[in-house]
Amino acid sequence: MDLVVFLPLILIMGLFMFFASRRQKKAMQATIDLHESLQIGDRIHTTSGLEGTITGITDDSVDLEIAPGVVTTWMKLAVRDKIEPETDEDEDYEDFEDIDDEESTATEITESPNKKD
């Protein structure tokens, strides 16, 4: 009789532990995939917030150039994520290409208002 009372609690705890371990396995696999995909030249963040460019890779460590000519060695476990190249600047530049030169009033702005003809 007492076991029947605790059965729902045990079932809920079991489901919670199952889903928690599943989430942890997914996160661990994502980290392993990241570490296996690292290549020389990649820009990365470390877990401490440092940004750097990978200049060398071994099984357990990466060499990061954190400033021109300054290379430090880090454990691969310290790599948090890759910095993807930004394409927003390219898209912003394309917006300026749509402006017609005929509509430009730049010459009107640069002319002096006190100029006598």
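Residues are numbered from 1 along each chain as its sequence is written, and side-chain values rest on heavy atoms, with hydrogens and water left out. Because the model is predicted, local features need pLDDT of at least 70 and side-chain atom pairs count only at pLDDT 80 or more, whereas totals for chains, interfaces and linings use all residues.

The mean pLDDT (the predictor's confidence in each residue, from 0 to 100) of the protein is 80, and 73% of its residues reach 70 or more. Where pLDDT is low, the predicted coordinates should not be read in detail.

Three salt bridges (a side-chain nitrogen of Lys or Arg within 4 Å of a carboxyl oxygen of Asp or Glu) were found in the whole structure. One of them joins the side chains of K82 and D42, at 3.4 Å from N to O. K82 belongs to strand β5 (residues 79-82) and D42 to the loop between α1 (2-37) and β1, so this pair ties together parts that are 40 residues apart in sequence. With a relative accessible area of 16%, D42 is buried (under 20%; exposed is over 50% and partly exposed in between, with a 1.4 Å probe and protein chains only). K82, at 28%, counts as partly exposed.

A further salt bridge links E51 with R43, the closest N and O atoms being 3.2 Å apart. Both residues count as partly exposed, E51 at 40% and R43 at 35%. D81 and R80 form a salt bridge of 3.9 Å, N to O; D81 is partly exposed at 28%, as is R80 at 45%.

H45 lies in strand β1 (residues 43-46) and is buried, with 18% relative accessibility. Its side chain makes a polar contact of 3.3 Å with that of E51 (N or O atoms within 3.5 Å, where within protein one must be able to donate a hydrogen and the other to accept it, and residues adjacent in sequence count only if both atoms are side-chain atoms). Leaving aside residues up to four places away in sequence, H45 is in contact (heavy atoms within 4.5 Å) with L50, E51, A78, V79, R80, D81 and I83.

One aromatic pair is present in the structure (Phe, Tyr or Trp rings, the six-membered ring for Trp, with centres within 6.5 Å; planes under 30 degrees apart are stacked, over 60 edge-to-face and the rest tilted). F18 and F19 form this edge-to-face pair, with 5.2 Å between centres and 70 degrees between the planes.

Terms used:
Helix = DSSP H or I, 4+ residues; strand = E, 2+ residues; numbered from the N terminus.
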